[in-house]
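Work through the exercises below with the sequence and the model side by side. Try each task before reading its solution.

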Amino acid sequence: MILFLCLSVLFIATWHMVRYVSEDVFLEQKKVYLMSFARALDKRLDEDGYDRILKEAGAESVSREEKIAALNRALRDVTDETASVVEGLGIGFYSRELDAILTYGPSAKFGNTIGQPIAPDHPGRRVMATSTPMVQVGTMVRGNIMNAMFPVVRKGEVIGYIWANELISDLETTLRQSSRIIFTLLALAYGLMTGIIVTFFKKMTSAERKSLASAHAAAEETHRLGSLMYLVNRAVVSLLIADEKTFEDALQKCMRMMAEAFEIDRIFIWKGDAAGDALSFRPVSKWFGDVGQKFEPLDFGAESLSIKSLGDWKNRLARNERVKIFHSRLSDDERRQIAASGVLSLTGIPVFLQEKFWGFVSFGSCLREYEFIEEEEEILLSGSLLMANAISRKEMVQGLMQAREDALSATKAKSSFLSSMSHEMRTPMNAVIGMAAIGKSATDLERKDYAFGKIEDASRHLLGVINDVLDISKIESGKLELSSVEFDFEKMLQRVVNVINYRVEEKEQNFVVHIDKNITGEFVCDDQRLAQVITNLLSNAVKFTPVRGSIRLDARFVRDEGDIVTIQIEVTDTGIGLSEEQKERIFNAFEQAESSTTRKYGGTGLGLSISRSIVELMGGKIWIESEPGKGSTFAFTIQAKRGTKSRALLPPGTNWSNLYLLAVDDDPVIREYFVQMARQLNVPCDVASSGEEALAMMDARADATTERNVSYDICFIDWKMPGIDGLELTRRIREKIRGKDLNQSVVIMVSVAEWSTIADEAKLAGVNKFLSKPLFPSSIVDCINECLDVEETCPGKSGEGWNNDFTGRRILLAEDVEINREIVLGLLEPANLAIDCAENGSEVVRMFSEAPERYDIIFMDVQMPEMDGYEATRRIRALDAPNAKTIPIVAMTANVFKEDVEKCLEAGMNDHLGKPLDLNDVISKLRYYFNR
C-alpha cells in the first residue's frame, strides 16, 4: 500500500511538473506568436503613419469622427485579412491623437468598438506612454484575454498602438487538449510501471531476484521516457522563443537534441504538397549526425521510391499511419534501392495541424536497426507536432511580410507608372495648349495653319500614349501586339521632333537630325510604337543633357534583304552619362541610374523597359554606349518592310544646278549638314561660320559674278550666332543688295525658337521665310520649292486624299453625341457627300428600313441609348430588304482593342474605325467600299 501511495504521489508530482512546464512553453509561444502579428501589422503602415492615409483621403481638416471613419476604411481590410489567419484572433489599430479604436478585426465581430476610447487604466496607455511592447493577461475590451500590444512609433513619436489577442477560454481549451496528451503519456508510463509492480507481487516466487530485476528495469525505463520527454520539451522551447533571424539555428539545435536523446543519425522534416489527387513531399529542414553525413539521404520526394514493405506509403501517411523501414526485413532489390542512403532503420511520423495532413518527420539511423516502442513514438510525435507548428508559424509570418513587401512594391510600381504616364501625357498636351494659344493670337492664315499642324502632330502622339496606357498590362505580360501600317519615315520623325522641340528650346540645346540618304520613301511597321521609342530616347536625352548641350539623332541604313530593311537609330547626347553598373540595369522596369536621378530629373525609368519590348517585337535590339560625364548614345535597330510608295526629294527632271545657296551657322554640324544636302540635291552651296564671314563671301562673289545680278539666290541664316546675329546679318545683306543694285536674295531664318517669338523683328529685318530646327531634307526642299513657286513634293502636305469627290453618295451616320456628329460632318464636307444622321440604334433601323436603297454605307456608333450599335446591326441584317445583308456597316467607336473589333464583326459589321477619327482612314474606307 505504501508503495502504491508513493507511486501516486510521484505520478501527481511528475504530472504537475510536466504540465506547468508545458503551460509555460505554450504561453511563451503564444506571447511570441501574438506579438508577431502586432509587429507584422505595424509594418503595413508607411513612415508617415496615419497622416499619409488622411492626406490621401483628403481628411486632414475634417472632424474627429470623419477622420476615424477615413482611417477605418483604409485599414479595415488589412486588419480583417490578418485576423482571418487564425480563428479567434482579434487584432486592430488605435490612434493616440484621436483617442479612438480605428479597427478591430474581424470587423464582423468587433465593428461596434470603432471610435471608442480605451479605459484610463488600460495597459495600452502604458504601452504608448513607455513606448515598450507588452503582453498582458486580463479582462479588457473583449473580455478575459491574452493581449500583445506594440507601440506605433513614427518619426520618434508614439502615435498609437497595435494589438493582437486571443480569449483565455480559447487558450485554456488548447491547454486542456495538450494536458490530456501529456496526462495520457504519463498515465501510460506509470500504468506500465504499476503493472510491473503488481505482477511482481503476484508472481513472487523463488525467482524473486529475477522479478526484482524486471521491476528495476521497468522503473529505469519509466525514468528514461521521462528524461526523453524532458529533453524534447527543452529542445522545442528553444525553437519556440527563436525569432526570424535565429529560427533556422534553433531548429537545427532542436533536431540535434532530439537525435542525441534517441541516438539516431538523421532527422528530415517533409511537407506534403497536394496537386489534385496526387501527393508529393518536399524537405523543409534536415539534420545529419556525423555518421549520417557520409550517406545520401533517402529521397521521399522522389516518385520512384517503391518499397514493398511500405506499401502505399504516401496515402498511409495521409491516413495517419506510421511507416517504418528495417534493413533486415527488406528484399535484396529493396536493399540495393536504399543502399546509398545507409539507412538501417527509419520511422516516419505523420503530422496533422488543425486536423489537416501537413506532412511527416522521418527519424533514421545508419548505426543500428532500432524499433521505437509506442511511448517513444508518442514522444517523437509530440516533438514533430511542435516543430511543424513552429515552421508553419514562421511561414505564416513570412507570408505576411511578403504580402506587405508585395503591396509596397505594387504601390511603388503604381506611383512610378502614374508619374511616367503623367510626364508622357503632359509633354504633347503642353504642345497642344501652347500651339492653341499661338493659333488664337495669330493674325495671318499661314501662322494659324502652322499652329494647327503642330496641334495635330501633338494630338496624334498623345493618342499613341493613351493607347500605351491601355496596353500596359499586355506589355508586362508579354502580349503586346504591333499594328503595322505604311508610313513616311521622315514625316514620322518630324512629328516626334515637333513634340519635344519646345523642351530643346527651353534648355537652349543644339539638336541635329541626320537621315541616311538611303532611307527614302515609305516603310511598313508600327509607326506609333516606333515613334514612342524615339520620343522616349529623345526625351531622356533632353532631360539628362545640360543647358546648351548637344543632342543628335542619326537614322542609318544598315542592310536590305529582299523587301526587309534594317534601320539603326541612334540618339547621342552630351549629358551626365552612365557607369557600367548603371548600364546593366537601366532597361529594367521602374529603375533609373540611381535614386538621386529621380529627385533631380524626375521620371520612373518605365519608358526604357517598354522601349526594349517594342524594339524586340520589331526584330531588333537596343543598347547603350556611355561613360560618366561624357554623355550617352542609345541605339536600336528595327526591321521593316519597304512600302509600295517611293519618292525622291526632287521630282524627275528637276535641275537646281543654276541655284546658288548660302548656309550661315556657327555650328559645324549644321554646316556639314547643308554641304551633304547640297551634294544630294546637286545644287551649289557655300557655308559660313559667322555673319562676318558670310558678308565677306557675298562681297567676293558679287565682285566676281559677271553673268548674274545676285550673289546668292537663297540664304539659310541661323538666328542666334556670336558677333553678328542672324537678324543683323539679314539687315546688312539687304543694305548691300540695295547699294549694289542687285536682285533680292531670299533669306530663310533657321532657328529652334518658335517663329512667333521673332516674327515681327525678323520681317522688319527682311526675312522671307522661317525654317525650324532640327532640319529635315524634305523641309529644306519644300522651302526652296516655295521660294521658286514649285508644287510641293512632300505627299500629304496638301491634304492627301482630297481629290476624291463622292458626289451622289449618301451616308447614314449613327451617332448619339452632337459634337461627334458635327466633327464627322465638318471633316467630310469637302467630299461632297450627303449625310443623314440618327441619334440611336432604333432610329438607324427605322431610317434604313423605310428607304434601304437610299444609303450607300452606314457609319455605326457602338454605344448609343435605347439600342446599341451591335443590336442595330443585327436587326438591319435580319430585314427583308434587297441590300440589308450587303450594305457596308462600319463601326465608329472608341473601343479599339482586338476583342472589340472582333465583337463588331461578329455582330455583322464589315469594318472598324477607331475614335478619334483619322481623316485619311475615313476617306480610305469610303474609297474602298464605294469602288468595290
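The model is predicted, so local features need pLDDT of at least 70 and side-chain atom pairs count only at pLDDT 80 or more, while totals for chains, interfaces and linings use all residues. Residues are numbered from 1 along each chain as its sequence is written, and side-chain values use heavy atoms, with hydrogens and water left out.

**Exercise 1. The whole chain**

Task: State how many helices and strands the protein chain has, and what share of its residues counts as buried.

Solution. Step 1: the protein chain has 27 helices and 27 strands. Helices (H or I, at least four residues) and strands (E, at least two) are DSSP runs, numbered from the N terminus. Step 2: of its 932 residues, 48% count as buried. Buried means under 20% relative accessible area, exposed over 50%, and partly exposed in between (1.4 Å probe, protein chains only). Step 3: the chain exposes about 45700 Å², of which carbon and sulfur atoms supply 51%. Accessible areas come from the Shrake-Rupley method with a 1.4 Å probe; for residues, only the protein chains shown count as cover.

**Exercise 2. A parallel sheet and its helices**

Task: Give the order of the five strands in the open sheet and explain why one side of β19 and of β22 is left without a neighbour.

Solution. Step 1: the order is β19-β18-β20-β21-β22, with parallel pairing. Step 2: β19 (685–688) and β22 (769–772) are at the edges and have a single partner strand each, so one side of each lacks a neighbour in the sheet. Step 3: on average, neighbouring strands are turned by 20° against each other, direction ignored. Two strands pair if DSSP finds at least two bridges between them. Step 4: β18 (residues 661–664) pairs with β20 (residues 714–718) over four bridges in the parallel sense, and Leu662 is opposite Cys715 in β20.

Step 1: Helix α18 (residues 668–681) lies across β18, β19 and β20 and runs at about 175° to β19. Helix α22 (residues 777–788) also packs on the sheet, where it touches β18, β20, β21 (746–751) and β22, and its direction makes about 175° with that of β22. Contact means heavy atoms within 4.5 Å. Axes are lines fitted to C-alpha atoms, for helices over the stretch in contact, and angles run from 0 to 180 degrees between N-to-C directions.

**Exercise 3. Salt bridges**

Task: Name the residue that meets Asp99 in a salt bridge, and explain what parts the pair ties together.

Solution. Step 1: the side chains of Asp99 and Arg125 meet at 3.1 Å, N to O. A salt bridge is a side-chain nitrogen of Lys or Arg within 4 Å of a carboxyl oxygen of Asp or Glu. Step 2: Asp99 is in the loop between β1 and β2 and Arg125 is in helix α5, so the pair ties together parts 26 residues apart in sequence. Step 3: Asp99 counts as partly exposed at 28% relative accessibility, and Arg125 counts as partly exposed at 27%. Step 4: a second pair is Arg846 and Glu843, with the closest N and O atoms 4.0 Å apart. These two residues are three apart in helix α24 (residues 841–850), which means about one helical turn separates them. A search of the whole structure finds 40 salt bridges.
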